[in-house]
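Here are my notes for anyone opening this one for the first time. Have a look at the fold, then go through the points in whatever order you like.

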Amino acid sequence: MDNNQHIYPNGQSSTQHKGALVIFSAPSGSGKSTIINWLMQSHPELRLAFSISCTSRAPRGTEQHGVEYFFLSPEEFRQRIAQDEFLEYEEVYKDRFYGTLKEQVQRQLDAGQNVVFDVDVKGGCNIKRFYGDKALSIFIQPPSIEALRQRLEGRATDAPEVINDRIARAEYELSFAPQFDKVIINDDLETAKRQTLEVINAFLSRP
């Protein structure tokens, strides 16, 4: 056997395995980032990897093209938008674009990575619609709006008006929860971690 070939627990080799997509969305303060980081750091067997996005901003510090981001000019970005090459994109402000190329996601899937998306609710629904059964969409939900407010206030990082804006947006985002494959209510972080792990394992172990 080729020394570079790795056999996974399900008996598939790295040359046979194709990756899947795991989409996360949640209101700010729901614990989504904490859960994602725990999964990626504590469970390497899941082969989770963020998709490498594109941006039209200049590299910062030691950032390298194709590592942190793919760096494109605004003109290149617009051309690729016109050619329908993006899975999703956003112009944050004039000439400052961020987006995910379909071909990059496919490249990572072909390499056997399970590609993670941490996106807003509309982006999550759009990606799920595009990939269908190849994608698992997970919505991390706070136990209540009041509990979410307490968490945001407990952070002591946002002004009251910012918290009010986040709460208003959360109420809107919660209306999208039924469109996701799985809803995890983060009432207890350790329980939510375990439930999310179980959901992903079940999805990835499908025949």
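How many aromatic pairs does the structure hold? The count is eight. Keep in mind throughout that this is a predicted model.

1. **A stacked pair.** Start with phenylalanine 77 and phenylalanine 86. Their ring centres are 4.5 Å apart and the planes meet at 10 degrees, so this pair is stacked. Both phenylalanine 77 and phenylalanine 86 are buried. The two also belong to a cluster: ring pairs link Phe77, Phe86, Tyr89 and Phe97.

2. **An edge-to-face pair.** Now go to phenylalanine 130 and tyrosine 131, which form an edge-to-face aromatic pair, with 4.9 Å from centre to centre and 75 degrees between the planes. Phenylalanine 130 is partly exposed, at a relative accessible area of 47%, whereas tyrosine 131 is buried at 10%.

3. **The largest nonpolar core.** This core has 19 residues, and Phe24, Leu39, Ile138, Ile140 and Ile200 have the most contacts inside it. Two or more residues come from each of strand 1 (21-25), helix 1, strand 8 and helix 7 (189-204). Helix 7 gives the most, with five residues. As background, nonpolar side chains tend to be buried together in soluble globular proteins.

4. **Isoleucine 200 up close.** What does isoleucine 200 contact, once its neighbours within four places in sequence are left aside? The list is Val22, Phe24, Leu39, Leu46, Leu136 and Ile138. Two of those names, Phe24 and Leu39, come up again among the core residues with the most contacts.

5. **A second core.** There is also a separate core of 11 residues, which includes Ile23, Leu109, Val115 and Phe117.

6. **Helix 1 and its buried face.** In helix 1, Lys32, Ile35, Ile36 and Leu39 are buried. Looking down the axis of helix 1, the buried residues fall within an arc of 100 degrees, so they line one face of the helix. Among the elements covering these residues are strand 1, strand 2, strand 7 (114-118), strand 8 and helix 7.

7. **Helix 6, length and sides.** Helix 6 (residues 160-174) has 15 residues, and at 1.5 Å a residue it should span 21 Å; its end C-alpha atoms are 21 Å apart, in agreement with that. Which residues of helix 6 are buried? They are Ile163, Ile167, Ala170 and Glu173. Down the axis of helix 6, the buried residues fall within an arc of 125 degrees, so here too they line one face of the helix. Glu161 and Asp165 are exposed on the other side of helix 6. Cover for the buried residues of helix 6 includes helix 4 (121-131), strand 8 (135-141) and helix 5 (145-155).

8. Isoleucine 145 sits in helix 5 and is partly exposed, with a relative accessible area of 24%. Not counting residues up to four places away in sequence, isoleucine 145 touches Ile167, Ala170, Glu171 and Leu174. Ile167 and Ala170 are among the buried residues of helix 6. For a sense of the spacing, isoleucine 145 and alanine 168 are 23 residues apart in sequence and 9.5 Å apart in space, C-alpha to C-alpha.

9. **Two positive phi values.** Most residues other than glycine have a negative phi. Two spots go the other way, and I'd have a look at both. Arginine 47 has a positive phi of about 55 degrees and lies in the loop between helix 1 (32-42) and strand 2 (48-50). Aspartate 84 has a positive phi near 60 degrees, and its place is in the loop between helix 2 (74-82) and strand 5 (86-93).

10. **Cysteines.** How many disulfides does the structure hold? The number is zero. As for individual cysteines, cysteine 54 is buried, with a relative accessible area of 0%, and cysteine 125 counts as buried at 9%. A disulfide, for readers who want the reminder, is a covalent bond between the sulfur atoms of two cysteines.

Technical notes:
Residues numbered from 1 in each chain as written. Predicted model: local features only at pLDDT ≥ 70, side-chain atom pairs only at ≥ 80, totals over all residues. Heavy atoms only, no water. Disulfide = S-S within 2.5 Å. Buried < 20%, exposed > 50% of the residue type's maximum accessible area, 1.4 Å probe, protein only. Helix = DSSP H or I, 4+ residues; strand = E, 2+ residues; numbered from the N terminus. Expected span 1.5 Å × (residues − 1). Arc of directions from axis to C-beta. Contact = heavy atoms within 4.5 Å. Core = buried A, V, L, I, M, F, W, Y, C linked by side-chain atoms within 4.5 Å. Phe/Tyr/Trp six-rings, centres within 6.5 Å; stacked < 30°, edge-to-face > 60°.
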